[in-house]
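Welcome, and thanks for joining this walk through a structure. Keep your viewer open and have the selection tool ready. We will go from stop to stop, with something to pick out at each one.

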Amino acid sequence: MNKPRILWTDDEIDLLRAHIIFLEEKGYQVDIANNGTDAIEKVKDNFYDIIFLDENMPGLTGLETLTQIKTISPNIPVVMITKSEEENIMDEAVGAKIADYLIKPVNPKQILLSLKKNIDQKRLVTQKTTSAYQMQFGQIGMQISDRLTFDEWKDIYKKLVHWEIELSDSEDSTMDEILAMQKDDANKAFFKFVKEHYANWFTSTDDDRPLLSPDIFKQRVFPHLDAGKKTFVLVIDNLRFDQWRILSSVFNNYFRTDSEELYCGILPAATMYARNAMFAGLMPSEIEKLYPELWADDDNEGHKNKHEEELIRRQLKRFGRKESLYFEKVSGVKKERWVAENLNNILENDLSVMVVNFVDMISHARTEMDMIRELANNEKAYRSITLSWFQNSSLLELLKGLSESDIRVVVTTDHGAIRVNNPVKVIGDRETNTNLRYKLGRNLNYKSKNVFEVRDPRKVFLPSRNVSTSYIFAGNTDFFAYPNNYNYYANYYKDTFQHGGISMEELIIPVITLSPKNSAIG
């Protein structure tokens, strides 16, 4: 293994001989330069892991030397060392993206700490993260094997997402494989849990009944209106909890998190069912019964979701609410004045609801476009694309504008998605729907044990096309494929993100309440 290589530049380098010997004994190779010009020439001719740079030197100053070094090798970490504690020099150095800033006289332990932070950090973090997950691995495994409540499943999923994000920056791929196996075990157990308890949630009044899609407005939105707060509900279609955790770092620049919860989406974990249920405050069969003109009995997602604003208005009316409502659905590129127009509309109304489809569009594009599949070739990359979109979106500009007002922001979603890998054969008639994670129809034929069948849709408040309609839901990483052209479709949809079935990623989803950092609490 090559020794980490340091360039130490100081016009009094001879006085630092003891420091250099200390570092060499610790396993570092140290090159020296007496001035900025020599340092620049050495950087041109050699690779260095890190540079220590004196700020106050004759000839080129440390800051001038830093500028030229960054031009030659922009990614090399540079630690500025100076006798000066003047704030303007610190500001210039930090603005030039130095890695660290030390005040003379420095001792060897300070130097060693700076080295560990800047060139050994990834290795040390990997070791620490791996060790910490190994300690929790057995504990999580034991929890998975117990009979759990939904709140306990939320806790397990939070832990798994935490370690997935932490280990994604690790250099130890072995732990990624172990975590993936543990998530797989958890999803198999979660599938059994949902099969056993789902139907009972609609008749139960006990504490084990989770917060469900139809409860969101009544329990997590209306209380803000009752407190006299303007409220903005942002529904990001297909947003998983791990994606929220990545986006939250951007939200935290402008908002404080009042609450971060997980709730249970309904089955099917698909937009036309789950989002309509959220906006109506009703289960799908109840929507069909009360508002038959607002429930389209077909397999076209766009048709089933064309009455969302009206469903919200009906829910407000049903609860005797008089608040003014603004509704907007967003997809594609926004026009120039989009942010200003929406900001005005949101601030003029008591309740505003915005549906953003971009994450769902990424999921579909990843299935259909090889380039997007390559860009989002694993879970970490999928999260990264989501973050990149958000950081450069008009939506973020809108949220920045809202952060200047006294408003409550509720961020949520209708369902998540899971990356599928295992095709399961299913046979249905021509009226059977096309979704890969759930099917509804007559005489569905399948062999997999990992299917949750609902023969009487009324028990789970789902509509029936006819008296013999049944639903089946896939679990874990399964997806349904027809026998015709089976190999083609099995290969085409393998390793794509799908939703509609039963997994933690699809059903355990976030609902977040935020308030602007500059507003009063309350």
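What volume does the largest pocket have? The answer is about 550 Å³. Please keep in mind along the way that this is a predicted model.

**Stop 1: the largest pocket**

Select Glu164, Ala180, Lys183, Glu379 and Arg419 to begin. Of the 19 residues that line the largest pocket, these lie nearest its centre. Now colour the elements around them: α7 (150-168), α8 (173-197), α18 (379-391) and β11 (418-420) each supply at least two residues of the lining.

Which element gives the most to this lining? That is α8, with six residues.

**Stop 2**

**Stop 3**

How many salt bridges does a search of the whole structure find? It finds 38, and two further examples are worth a visit.

For one of them, select Asp414 and Arg275. Their side chains meet in a salt bridge, at 3.3 Å from N to O. Asp414 is in the loop between β10 (407-412) and β11, while Arg275 is in helix α11 (residues 271-280), so the pair ties together parts that are 139 residues apart in sequence. Both Asp414 and Arg275 are buried.

For the other, go back to α21 and select Glu506 together with Arg437. This salt bridge has its closest N and O atoms 2.5 Å apart. The pair links distant parts of the chain, with Glu506 in helix α21 and Arg437 in the loop between β12 (422-427) and β13 (438-441), 69 residues apart. Glu506 counts as buried, at 0% relative accessibility, and Arg437 counts as buried, also at 0% relative accessibility.

**Stop 2: aromatic rings**

Time to look at rings. Over the whole structure, a search finds 31 aromatic pairs. Select Phe190 and Phe193: the ring centres are 6.1 Å apart and the planes are at 25°, so the pair is stacked, since planes under 30 degrees apart count as stacked. Both residues lie in helix α8, three residues apart, which is about one turn of the helix. Phe190 counts as buried at 0% relative accessibility, and Phe193 is buried with a relative accessible area of 7%.

Move on to Tyr382 and Phe497. Their ring centres are 3.9 Å apart with planes at 20°, so this pair is stacked. Tyr382 lies in helix α18 and Phe497 in strand β18 (residues 496-498), so the pair ties together parts that are 115 residues apart in sequence. Both Tyr382 and Phe497 are buried.

**Stop 3: a cavity and a loop**

Which residues line the second largest cavity? Select Asp429, Glu431, Leu440, Gly441, Arg442, Arg465, Asn466 and Thr469 to see them. This cavity has a volume of about 30 Å³. By class, its lining has four charged residues, three polar and one nonpolar.

To finish, select Asp215, which sits in the loop between α8 and α9 (216-226). Asp215 counts as buried, at 12% relative accessibility, because buried means under 20%. Leaving aside neighbours within four places in sequence, Asp215 is in contact with Arg209, Pro210 and Arg220.

Conventions:
Residues are numbered from 1 along each chain as its sequence is written. This is a predicted model: local features need pLDDT of at least 70, side-chain atom pairs count only at pLDDT 80 or more; totals for chains, interfaces and linings use all residues. Side-chain values use heavy atoms; hydrogens and water are left out. On a 1 Å grid over the protein atoms alone, a cavity is a set of points where a 1.4 Å probe fits but cannot get out, and a pocket is an open set with protein on both sides within 12 Å along at least five of seven lines; lining residues have an atom within 4 Å of a point. Grid points are joined across faces, edges and corners, and a volume is the space filled by probe spheres set on the points. Helices (H or I, at least four residues) and strands (E, at least two) are DSSP runs, numbered from the N terminus. Buried means under 20% relative accessible area, exposed over 50%, partly exposed in between (1.4 Å probe, protein chains only). Contact means heavy atoms within 4.5 Å. A salt bridge is a side-chain nitrogen of Lys or Arg within 4 Å of a carboxyl oxygen of Asp or Glu. Ala, Val, Leu, Ile, Met, Phe, Trp, Tyr, Cys and Pro count as nonpolar, Asp, Glu, Lys and Arg as charged, and the others, Gly among them, as polar. Rings of Phe, Tyr and Trp (its six-membered ring) pair if their centres lie within 6.5 Å; planes under 30 degrees apart count as stacked, over 60 as edge-to-face and the rest as tilted.
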